[in-house]
Amino acid sequence: MEFTAATRRQPDGDTAGEKEFLVRHGDGTPLLRRTFRGWGTMPPPLPPFAVLGERYALMRAVVLAKHSAAVALVGGPYAETLSVAAALAQRSWRFVSGQLLVFDLVEEQVVPCLLPLEARGRAAVRMRTAGLPEESLRSVPSALGGEMLLVRPECLGDVVPVDARIALPSLVRLCGTADDGVRMAPGEFVPQVWPVEAGAAFSTAPHYRLELSSGNGAEEAAGLIDAELTRK
């Protein structure tokens, strides 16, 4: 991948520079050219996935595995995903992915992608005070405003080997609730998948809805997930 400064002619006759990124094949053949408008929080069309859309499907989720069971925690930017994942790690679940569920459509298995986990709001505050090594945390500006804390998964628990292949996980969507209870039950939802046409690959995965009010319910939520998925 390379960044270039492209020159565009404006209606008034002037020219203006615009950043682009260009993805090339190993032999130099251009594969993808896009205008660069800044880094977002969604999977960008960068290698390797830009040229492997027919092979892999991506979903924003934190993925963990334990024995033959696997779970993908799906939630919004301020969901308690990190807190629940950290609590699962204390129950011998191992991290498979910190941000992206990468599903091999050919082998029908999940590929490890151990990017840092993202913490915002109360989750970021808890991570700051959890006594983690300073080098395991990195603060970056969030596209949503405020601070976003990147947390290395190996500092929260064990991780799977990079050559591990994991079966299709159960999808658990984290939802906020006004009361203090924690509830988990089967519940269908449509996750955001890239590319869109690959969404059918997850149709056979068990879908659950997990309701909790704050990070204080993360331990109980992890207990429900552990009991339900390892029982099966």
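1. Start with helix H3 (residues 218-231): it lies across strand E5 (62-66), strand E6 (69-74), strand E13 (170-176), E14 and E16, running at about 160 degrees to E16. Helices here are DSSP runs of H or I with at least four residues, strands are E runs of at least two, and both are numbered from the N terminus. Angles run from 0 to 180 degrees between N-to-C directions, with axes fitted to C-alpha atoms, for helices over the stretch in contact.

2. Bear in mind that this is a predicted model, where local features need pLDDT of at least 70, side-chain atom pairs count only at pLDDT 80 or more, and totals for chains, interfaces and linings use all residues. Residues are numbered from 1 along each chain as its sequence is written, and side-chain values use heavy atoms, leaving out hydrogens and water.

3. Now the sheet: six strands make an open, mixed one, in the order E7-E5-E6-E13-E16-E14. Strand E7 (94-97) and strand E14 (183-186) are its edges, each pairing on one side only; pairing takes at least two DSSP bridges. E14 pairs with strand E16 (residues 207-212) in the antiparallel sense over four bridges, and Ala185 has Arg209 in E16 as its bridge partner.

4. What about the inside? The largest nonpolar core has 35 residues, and Leu73 and Ile225 have the most contacts inside it. Helix H1 (residues 81-89) gives the most to this core, six residues. Such a core joins buried (under 20% relative accessible area, 1.4 Å probe, protein chains only) Ala, Val, Leu, Ile, Met, Phe, Trp, Tyr and Cys residues through side-chain atoms within 4.5 Å.

Technical notes: Contact means heavy atoms within 4.5 Å. Buried means under 20% relative accessible area, exposed over 50%, partly exposed in between (1.4 Å probe, protein chains only).
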